[in-house]
Amino acid sequence: MTAAVEPTSPHVMNTYGRVPIALSHGQGVRVWDTNGKQYIDALGGIAVNTLGHNHPKLVPALQEQLTKIIHSSNYYHVPGQEKLAAKLTELAGMTNAFFCCTGLEANEAAIKLARKFGHDKGIDKPEIVVYEKAFHGRSIATLSATGNTKVQQGFGPLVEGFIRVPLNDIEALKTRTAGNPNVVAVFFETIQGEGGVNPMRAEYLQQVRKLCDERDWLLMIDEVQCGMGRTGKWFAHQWAGIVPDVMPLAKGLGSGVPIGAVVAGPKAAHIFGPGNHGTTFGGNPLAMRAGIETIRIMEEEGLLENAAKVGAHLKQSLLQAFEGVEGFKEIRGQGLMLGVELTRPCGVLTARAAERGLLLSVTADSVIRMVPSLILSQAEADEIVAILVPLVKEFLAEPVAAP
Ligand SMILES: *Cc1c(COP(=O)(O)O)cnc(C)c1O
(Lines give C-alpha, C1' and ligand atoms only; values in the text may rest on other atoms or scores of the structure.)
Protein backbone atom coordinates (compact mmCIF):
# COMPACT_ATOMS: atom_id res chain seq x y z
CA MET A 1 0.00 0.00 0.00
CA THR A 2 1.34 3.45 -0.86
CA ALA A 3 1.49 5.91 2.02
CA ALA A 4 -1.11 8.69 1.97
CA VAL A 5 0.27 12.00 0.72
CA GLU A 6 -0.54 15.00 2.90
CA PRO A 7 -1.33 18.03 0.76
CA THR A 8 0.46 21.31 1.47
CA SER A 9 -0.09 24.84 0.12
CA PRO A 10 3.21 26.74 0.56
CA HIS A 11 2.23 29.50 -1.88
CA VAL A 12 -1.21 30.10 -0.44
CA MET A 13 -1.46 32.65 2.39
CA ASN A 14 -1.65 30.87 5.69
CA THR A 15 -5.08 32.08 6.83
CA TYR A 16 -6.73 28.78 7.80
CA GLY A 17 -5.83 26.07 10.30
CA ARG A 18 -6.49 23.34 7.76
CA VAL A 19 -7.14 19.63 8.22
CA PRO A 20 -4.38 17.86 6.21
CA ILE A 21 -6.58 16.49 3.43
CA ALA A 22 -7.75 17.77 0.05
CA LEU A 23 -11.14 16.77 -1.33
CA SER A 24 -11.16 15.55 -4.89
CA HIS A 25 -14.82 14.79 -5.66
CA GLY A 26 -18.15 14.04 -4.11
CA GLN A 27 -21.48 12.31 -4.64
CA GLY A 28 -24.44 13.26 -2.50
CA VAL A 29 -23.20 13.63 1.09
CA ARG A 30 -20.09 11.54 0.44
CA VAL A 31 -16.73 12.98 -0.55
CA TRP A 32 -13.38 11.45 -1.41
CA ASP A 33 -9.95 12.94 -0.80
CA THR A 34 -7.02 12.92 -3.19
CA ASN A 35 -5.78 9.70 -1.59
CA GLY A 36 -9.07 7.96 -2.29
CA LYS A 37 -10.31 7.94 1.31
CA GLN A 38 -14.09 8.31 1.70
CA TYR A 39 -15.90 10.63 4.13
CA ILE A 40 -19.47 11.32 5.16
CA ASP A 41 -19.93 15.07 5.08
CA ALA A 42 -21.72 16.70 8.04
CA LEU A 43 -20.20 20.11 7.24
CA GLY A 44 -21.61 20.60 3.73
CA GLY A 45 -18.91 23.11 2.85
CA ILE A 46 -20.12 25.13 5.92
CA ALA A 47 -23.83 25.11 5.13
CA VAL A 48 -23.16 25.78 1.45
CA ASN A 49 -23.72 22.51 -0.43
CA THR A 50 -27.50 22.52 -0.06
CA LEU A 51 -28.01 19.78 -2.66
CA GLY A 52 -24.89 17.76 -1.83
CA HIS A 53 -22.30 17.07 -4.49
CA ASN A 54 -22.87 16.29 -8.18
CA HIS A 55 -26.64 16.65 -7.96
CA PRO A 56 -28.19 15.04 -11.08
CA LYS A 57 -30.52 18.00 -11.69
CA LEU A 58 -28.26 20.91 -10.70
CA VAL A 59 -25.15 19.91 -12.65
CA PRO A 60 -26.77 19.67 -16.13
CA ALA A 61 -28.53 23.01 -15.59
CA LEU A 62 -25.22 24.69 -14.72
CA GLN A 63 -23.51 23.00 -17.67
CA GLU A 64 -26.17 24.37 -19.99
CA GLN A 65 -25.79 27.83 -18.47
CA LEU A 66 -22.00 27.74 -18.97
CA THR A 67 -22.48 27.29 -22.69
CA LYS A 68 -24.87 30.27 -22.87
CA ILE A 69 -23.39 33.07 -20.77
CA ILE A 70 -21.45 33.18 -17.49
CA HIS A 71 -21.16 36.92 -16.89
CA SER A 72 -22.67 39.91 -18.62
CA SER A 73 -22.28 42.97 -16.26
CA ASN A 74 -24.84 45.01 -14.35
CA TYR A 75 -24.77 47.62 -17.11
CA TYR A 76 -27.55 45.45 -18.57
CA HIS A 77 -30.64 43.70 -17.29
CA VAL A 78 -30.00 40.15 -16.14
CA PRO A 79 -33.26 38.18 -16.49
CA GLY A 80 -32.10 35.60 -13.95
CA GLN A 81 -31.87 38.34 -11.29
CA GLU A 82 -35.52 39.25 -11.72
CA LYS A 83 -36.52 35.58 -11.67
CA LEU A 84 -34.55 34.79 -8.51
CA ALA A 85 -35.58 38.05 -6.80
CA ALA A 86 -39.25 37.30 -7.51
CA LYS A 87 -38.88 33.82 -6.03
CA LEU A 88 -36.91 34.88 -2.94
CA THR A 89 -39.25 37.76 -2.13
CA GLU A 90 -42.26 35.45 -2.53
CA LEU A 91 -40.72 32.92 -0.12
CA ALA A 92 -39.75 35.65 2.35
CA GLY A 93 -42.89 37.81 2.14
CA MET A 94 -40.67 40.73 1.12
CA THR A 95 -40.43 42.83 -2.05
CA ASN A 96 -36.96 43.42 -3.58
CA ALA A 97 -33.49 41.89 -3.69
CA PHE A 98 -29.95 42.98 -4.47
CA PHE A 99 -27.41 40.34 -5.55
CA CYS A 100 -23.77 40.02 -4.60
CA CYS A 101 -21.33 37.13 -4.17
CA THR A 102 -20.75 36.43 -0.48
CA GLY A 103 -22.23 36.68 2.98
CA LEU A 104 -20.10 39.59 4.09
CA GLU A 105 -21.08 41.52 0.97
CA ALA A 106 -24.75 40.93 1.72
CA ASN A 107 -24.15 42.19 5.26
CA GLU A 108 -22.21 45.23 4.00
CA ALA A 109 -25.21 46.08 1.84
CA ALA A 110 -27.48 45.73 4.87
CA ILE A 111 -25.25 48.05 6.93
CA LYS A 112 -25.23 50.60 4.13
CA LEU A 113 -29.02 50.34 3.82
CA ALA A 114 -29.42 50.99 7.55
CA ARG A 115 -27.07 53.97 7.48
CA LYS A 116 -28.80 55.54 4.48
CA PHE A 117 -32.18 54.86 6.09
CA GLY A 118 -30.89 56.99 8.97
CA HIS A 119 -29.37 59.73 6.82
CA ASP A 120 -32.60 59.99 4.82
CA LYS A 121 -34.33 60.70 8.15
CA GLY A 122 -31.76 63.35 9.11
CA ILE A 123 -29.68 61.15 11.42
CA ASP A 124 -26.04 62.06 10.77
CA LYS A 125 -24.42 59.38 12.92
CA PRO A 126 -26.63 56.31 12.60
CA GLU A 127 -26.06 53.43 15.03
CA ILE A 128 -26.92 49.77 14.57
CA VAL A 129 -27.64 47.35 17.42
CA VAL A 130 -25.58 44.14 17.12
CA TYR A 131 -25.12 41.12 19.39
CA GLU A 132 -22.61 39.37 21.59
CA LYS A 133 -21.04 36.34 19.86
CA ALA A 134 -22.43 37.47 16.47
CA PHE A 135 -20.57 36.71 13.23
CA HIS A 136 -21.25 38.84 10.17
CA GLY A 137 -18.07 38.49 8.10
CA ARG A 138 -14.49 39.65 7.80
CA SER A 139 -14.58 42.97 5.96
CA ILE A 140 -13.76 45.94 8.18
CA ALA A 141 -17.42 46.90 8.67
CA THR A 142 -18.72 43.35 9.15
CA LEU A 143 -15.92 42.37 11.52
CA SER A 144 -16.75 45.49 13.52
CA ALA A 145 -20.35 44.21 13.76
CA THR A 146 -19.04 40.77 14.75
CA GLY A 147 -19.03 40.00 18.47
CA ASN A 148 -15.79 38.03 18.65
CA THR A 149 -12.65 39.91 19.59
CA LYS A 150 -10.44 37.21 17.95
CA VAL A 151 -11.88 38.20 14.56
CA GLN A 152 -11.18 41.89 15.30
CA GLN A 153 -7.71 41.60 16.84
CA GLY A 154 -5.05 43.35 14.78
CA PHE A 155 -7.43 45.17 12.45
CA GLY A 156 -8.39 48.30 14.34
CA PRO A 157 -9.55 50.97 14.22
CA LEU A 158 -12.95 49.35 13.98
CA VAL A 159 -15.90 50.96 12.24
CA GLU A 160 -17.99 52.95 14.69
CA GLY A 161 -21.75 53.07 14.93
CA PHE A 162 -22.46 49.68 16.53
CA ILE A 163 -24.11 49.12 19.91
CA ARG A 164 -23.67 45.62 21.37
CA VAL A 165 -26.29 43.78 23.41
CA PRO A 166 -26.71 40.24 24.81
CA LEU A 167 -28.96 37.67 23.10
CA ASN A 168 -32.58 37.11 24.05
CA ASP A 169 -32.75 39.98 26.54
CA ILE A 170 -35.37 42.54 25.52
CA GLU A 171 -34.79 44.65 28.65
CA ALA A 172 -31.07 44.95 27.83
CA LEU A 173 -31.96 46.05 24.30
CA LYS A 174 -34.34 48.70 25.63
CA THR A 175 -31.86 49.92 28.25
CA ARG A 176 -28.90 50.11 25.87
CA THR A 177 -30.89 52.16 23.36
CA ALA A 178 -32.89 54.29 25.80
CA GLY A 179 -33.04 57.93 24.74
CA ASN A 180 -30.66 57.36 21.82
CA PRO A 181 -32.09 59.10 18.73
CA ASN A 182 -29.36 57.70 16.46
CA VAL A 183 -30.45 54.05 16.46
CA VAL A 184 -31.58 52.98 12.99
CA ALA A 185 -31.58 49.18 13.01
CA VAL A 186 -31.29 45.94 14.99
CA PHE A 187 -29.13 43.32 13.30
CA PHE A 188 -28.68 39.64 14.28
CA GLU A 189 -28.60 36.01 13.13
CA THR A 190 -31.76 34.03 13.98
CA ILE A 191 -29.44 31.19 14.98
CA GLN A 192 -25.85 32.32 15.44
CA GLY A 193 -23.56 30.04 13.45
CA GLU A 194 -19.89 30.76 14.10
CA GLY A 195 -20.78 31.98 17.60
CA GLY A 196 -21.69 28.45 18.65
CA VAL A 197 -25.18 27.66 17.24
CA ASN A 198 -27.06 30.01 19.59
CA PRO A 199 -30.74 30.47 18.73
CA MET A 200 -32.79 33.60 19.32
CA ARG A 201 -36.04 32.65 21.06
CA ALA A 202 -39.28 33.07 19.10
CA GLU A 203 -40.73 35.32 21.78
CA TYR A 204 -37.65 37.55 21.61
CA LEU A 205 -37.91 37.81 17.82
CA GLN A 206 -41.53 38.93 18.19
CA GLN A 207 -40.59 41.47 20.87
CA VAL A 208 -37.83 42.93 18.70
CA ARG A 209 -40.13 43.10 15.68
CA LYS A 210 -42.61 45.07 17.77
CA LEU A 211 -39.93 47.39 19.15
CA CYS A 212 -38.57 48.07 15.64
CA ASP A 213 -42.09 48.99 14.49
CA GLU A 214 -42.66 51.30 17.46
CA ARG A 215 -39.33 53.08 17.05
CA ASP A 216 -39.12 53.08 13.25
CA TRP A 217 -35.96 50.96 13.20
CA LEU A 218 -35.08 48.41 10.54
CA LEU A 219 -35.14 44.78 11.66
CA MET A 220 -32.23 43.17 9.80
CA ILE A 221 -31.80 39.41 10.11
CA ASP A 222 -28.62 37.74 8.88
CA GLU A 223 -29.85 34.40 7.50
CA VAL A 224 -26.58 33.72 5.67
CA GLN A 225 -26.05 30.44 7.55
CA CYS A 226 -29.39 29.48 9.12
CA GLY A 227 -31.53 30.39 6.09
CA MET A 228 -32.34 28.63 2.82
CA GLY A 229 -34.32 25.75 4.29
CA ARG A 230 -31.80 24.50 6.79
CA THR A 231 -34.13 24.65 9.82
CA GLY A 232 -37.16 23.28 7.96
CA LYS A 233 -38.57 26.67 6.93
CA TRP A 234 -37.10 28.77 4.14
CA PHE A 235 -35.80 31.25 6.70
CA ALA A 236 -35.27 30.45 10.38
CA HIS A 237 -37.07 33.58 11.64
CA GLN A 238 -40.27 32.30 9.98
CA TRP A 239 -40.69 29.89 12.91
CA ALA A 240 -41.52 33.00 14.97
CA GLY A 241 -44.06 34.25 12.41
CA ILE A 242 -42.25 37.54 11.82
CA VAL A 243 -40.94 39.25 8.67
CA PRO A 244 -37.74 41.32 8.81
CA ASP A 245 -37.14 44.51 6.84
CA VAL A 246 -33.74 43.40 5.56
CA MET A 247 -32.40 39.87 5.16
CA PRO A 248 -28.86 39.03 3.98
CA LEU A 249 -28.45 35.56 2.43
CA ALA A 250 -25.53 33.67 0.94
CA LYS A 251 -24.02 30.27 1.82
CA GLY A 252 -26.69 27.71 0.79
CA LEU A 253 -28.40 29.87 -1.82
CA GLY A 254 -26.37 28.60 -4.79
CA SER A 255 -25.58 25.09 -3.57
CA GLY A 256 -21.85 25.78 -3.98
CA VAL A 257 -21.76 28.52 -6.61
CA PRO A 258 -20.76 31.81 -4.90
CA ILE A 259 -23.82 33.99 -4.44
CA GLY A 260 -25.15 36.46 -1.90
CA ALA A 261 -28.35 38.46 -1.70
CA VAL A 262 -29.89 41.10 0.47
CA VAL A 263 -33.66 40.83 0.47
CA ALA A 264 -35.74 43.81 1.60
CA GLY A 265 -39.32 44.55 2.57
CA PRO A 266 -41.22 47.77 1.77
CA LYS A 267 -39.46 49.79 4.48
CA ALA A 268 -36.00 49.14 2.98
CA ALA A 269 -36.60 48.18 -0.65
CA HIS A 270 -36.27 51.68 -2.08
CA ILE A 271 -33.50 53.17 0.04
CA PHE A 272 -30.84 52.54 -2.61
CA GLY A 273 -31.08 54.36 -5.91
CA PRO A 274 -28.81 54.28 -8.96
CA GLY A 275 -25.19 54.83 -7.93
CA ASN A 276 -25.70 54.00 -4.24
CA HIS A 277 -24.47 50.43 -4.37
CA GLY A 278 -23.07 47.94 -6.84
CA THR A 279 -20.72 45.07 -7.59
CA THR A 280 -19.07 43.70 -10.72
CA PHE A 281 -19.72 39.99 -10.26
CA GLY A 282 -22.94 40.17 -8.24
CA GLY A 283 -26.00 38.68 -9.89
CA ASN A 284 -24.18 37.13 -12.82
CA PRO A 285 -26.19 34.71 -14.96
CA LEU A 286 -24.35 31.60 -13.72
CA ALA A 287 -24.92 32.41 -10.04
CA MET A 288 -28.55 33.33 -10.71
CA ARG A 289 -29.11 30.02 -12.46
CA ALA A 290 -27.58 28.21 -9.49
CA GLY A 291 -29.93 30.01 -7.10
CA ILE A 292 -33.02 29.45 -9.23
CA GLU A 293 -32.29 25.75 -9.76
CA THR A 294 -31.35 25.20 -6.09
CA ILE A 295 -34.73 26.52 -4.95
CA ARG A 296 -36.61 24.64 -7.67
CA ILE A 297 -34.93 21.35 -6.76
CA MET A 298 -35.46 21.96 -3.03
CA GLU A 299 -39.18 22.36 -3.69
CA GLU A 300 -39.36 19.36 -6.03
CA GLU A 301 -37.59 17.10 -3.56
CA GLY A 302 -39.25 18.32 -0.37
CA LEU A 303 -35.92 19.27 1.21
CA LEU A 304 -37.39 21.58 3.86
CA GLU A 305 -39.43 18.69 5.23
CA ASN A 306 -36.37 16.46 4.94
CA ALA A 307 -34.18 18.94 6.85
CA ALA A 308 -36.77 19.16 9.64
CA LYS A 309 -37.30 15.40 9.85
CA VAL A 310 -33.72 14.18 9.53
CA GLY A 311 -32.47 17.04 11.70
CA ALA A 312 -34.88 16.11 14.50
CA HIS A 313 -33.80 12.47 14.21
CA LEU A 314 -30.11 13.40 14.33
CA LYS A 315 -30.63 15.68 17.32
CA GLN A 316 -32.64 13.05 19.19
CA SER A 317 -30.10 10.30 18.48
CA LEU A 318 -27.21 12.46 19.69
CA LEU A 319 -29.12 13.57 22.76
CA GLN A 320 -29.87 9.96 23.68
CA ALA A 321 -26.24 8.95 23.20
CA PHE A 322 -24.75 11.86 25.18
CA GLU A 323 -27.31 12.27 27.96
CA GLY A 324 -25.53 11.96 31.30
CA VAL A 325 -22.05 11.72 29.73
CA GLU A 326 -19.54 13.71 31.81
CA GLY A 327 -18.32 16.67 29.74
CA PHE A 328 -21.40 16.91 27.51
CA LYS A 329 -23.28 20.19 28.01
CA GLU A 330 -26.16 20.45 25.53
CA ILE A 331 -27.30 20.24 21.92
CA ARG A 332 -28.63 23.40 20.28
CA GLY A 333 -30.09 24.25 16.91
CA GLN A 334 -32.89 23.18 14.66
CA GLY A 335 -33.25 21.03 11.56
CA LEU A 336 -29.88 20.44 9.95
CA MET A 337 -28.08 23.13 11.92
CA LEU A 338 -26.91 21.51 15.12
CA GLY A 339 -24.28 22.28 17.72
CA VAL A 340 -23.13 19.86 20.39
CA GLU A 341 -21.53 21.82 23.21
CA LEU A 342 -18.95 20.16 25.44
CA THR A 343 -17.71 21.61 28.71
CA ARG A 344 -14.18 22.04 27.36
CA PRO A 345 -12.42 23.14 24.16
CA CYS A 346 -12.54 20.39 21.55
CA GLY A 347 -10.98 21.88 18.40
CA VAL A 348 -8.93 18.70 17.89
CA LEU A 349 -12.13 16.87 16.99
CA THR A 350 -12.28 18.43 13.51
CA ALA A 351 -9.14 16.53 12.45
CA ARG A 352 -9.91 13.43 14.52
CA ALA A 353 -13.37 13.12 12.96
CA ALA A 354 -11.82 13.42 9.50
CA GLU A 355 -9.40 10.60 10.36
CA ARG A 356 -12.45 8.44 11.02
CA GLY A 357 -14.19 9.49 7.82
CA LEU A 358 -16.49 12.23 9.13
CA LEU A 359 -16.36 15.92 8.15
CA LEU A 360 -17.58 18.48 10.68
CA SER A 361 -16.24 21.59 12.38
CA VAL A 362 -15.75 22.92 15.88
CA THR A 363 -16.76 26.50 16.47
CA ALA A 364 -16.70 28.82 19.52
CA ASP A 365 -13.95 26.52 20.92
CA SER A 366 -16.25 23.88 22.39
CA VAL A 367 -19.18 23.43 20.01
CA ILE A 368 -19.21 20.60 17.45
CA ARG A 369 -21.12 22.03 14.51
CA MET A 370 -23.05 20.06 11.91
CA VAL A 371 -24.57 21.84 8.90
CA PRO A 372 -24.80 19.07 6.28
CA SER A 373 -26.48 19.10 2.87
CA LEU A 374 -30.28 19.11 3.10
CA ILE A 375 -30.46 15.83 1.12
CA LEU A 376 -29.07 13.92 4.14
CA SER A 377 -31.09 10.74 4.72
CA GLN A 378 -31.97 9.20 8.05
CA ALA A 379 -29.59 6.29 7.36
CA GLU A 380 -26.78 8.76 6.59
CA ALA A 381 -27.58 10.66 9.81
CA ASP A 382 -27.18 7.34 11.65
CA GLU A 383 -23.75 6.92 10.06
CA ILE A 384 -22.75 10.33 11.42
CA VAL A 385 -23.93 9.33 14.89
CA ALA A 386 -22.08 6.00 14.69
CA ILE A 387 -18.77 7.80 14.08
CA LEU A 388 -19.30 10.87 16.25
CA VAL A 389 -20.56 9.30 19.47
CA PRO A 390 -17.58 7.02 20.23
CA LEU A 391 -15.19 9.76 19.09
CA VAL A 392 -16.63 12.28 21.55
CA LYS A 393 -16.90 9.76 24.38
CA GLU A 394 -13.23 8.80 23.94
CA PHE A 395 -12.25 12.47 23.87
CA LEU A 396 -14.19 13.22 27.04
CA ALA A 397 -12.62 10.24 28.82
CA GLU A 398 -9.12 11.64 28.21
CA PRO A 399 -7.48 13.51 31.07
CA VAL A 400 -7.93 17.28 30.66
CA ALA A 401 -4.70 18.84 29.39
CA ALA A 402 -3.05 21.12 31.97
CA PRO A 403 -3.78 24.80 31.19
C1 LIG B 1 -20.50 32.79 6.90
C2 LIG B 1 -21.29 33.91 7.44
C3 LIG B 1 -21.08 35.22 7.00
C4 LIG B 1 -19.97 35.59 6.06
O5 LIG B 1 -20.14 35.00 4.82
P6 LIG B 1 -18.91 35.00 3.78
O7 LIG B 1 -19.52 34.43 2.54
O8 LIG B 1 -17.87 34.12 4.37
O9 LIG B 1 -18.46 36.38 3.62
C10 LIG B 1 -21.91 36.20 7.49
N11 LIG B 1 -22.89 35.93 8.35
C12 LIG B 1 -23.12 34.68 8.79
C13 LIG B 1 -24.25 34.43 9.73
C14 LIG B 1 -22.33 33.62 8.36
O15 LIG B 1 -22.54 32.39 8.81
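A crossing of two helices is left-handed if the near helix is turned anticlockwise from the far one by less than a right angle, and right-handed if clockwise. Keep that handy for the first stop.

This is a predicted model, so local features need pLDDT of at least 70 and side-chain atom pairs count only at pLDDT 80 or more, while totals for chains, interfaces and linings use all residues. Residues are numbered from 1 along each chain as its sequence is written, and side-chain values use heavy atoms, with hydrogens and water left out.

**Stop one: a helix pair**

Select residues 170-177, helix 7, and residues 202-215, helix 8. (Helices are DSSP runs of H or I, at least four residues; strands are E, at least two; both are numbered from the N terminus.) Their axes, lines fitted to C-alpha atoms over the stretch in contact, come within 10 Å and cross at roughly 25°. Angles run from 0 to 180 degrees between N-to-C directions, and those under 35 degrees count as roughly parallel, so helix 7 and helix 8 are roughly parallel to each other. Their crossing is right-handed. Now show side chains: Ile170, Leu173, Lys174 and Thr177 of helix 7 meet Tyr204, Gln207, Val208, Leu211 and Arg215 of helix 8, contact being heavy atoms within 4.5 Å.

**Stop two: strand 4 and its neighbours**

Next, pick helix 3 (79-92), strand 4 (96-100) and strand 12 (260-264), which each supply at least two residues of the lining of the second largest pocket. Lining residues have an atom within 4 Å of a point on a 1 Å grid, and a pocket is an open set of points where a 1.4 Å probe fits, with protein on both sides within 12 Å along at least five of seven lines. Strand 4 gives the most, with 4 residues.

Technical notes: Parallel < 35°, antiparallel > 145°, perpendicular 65-115°, else oblique.
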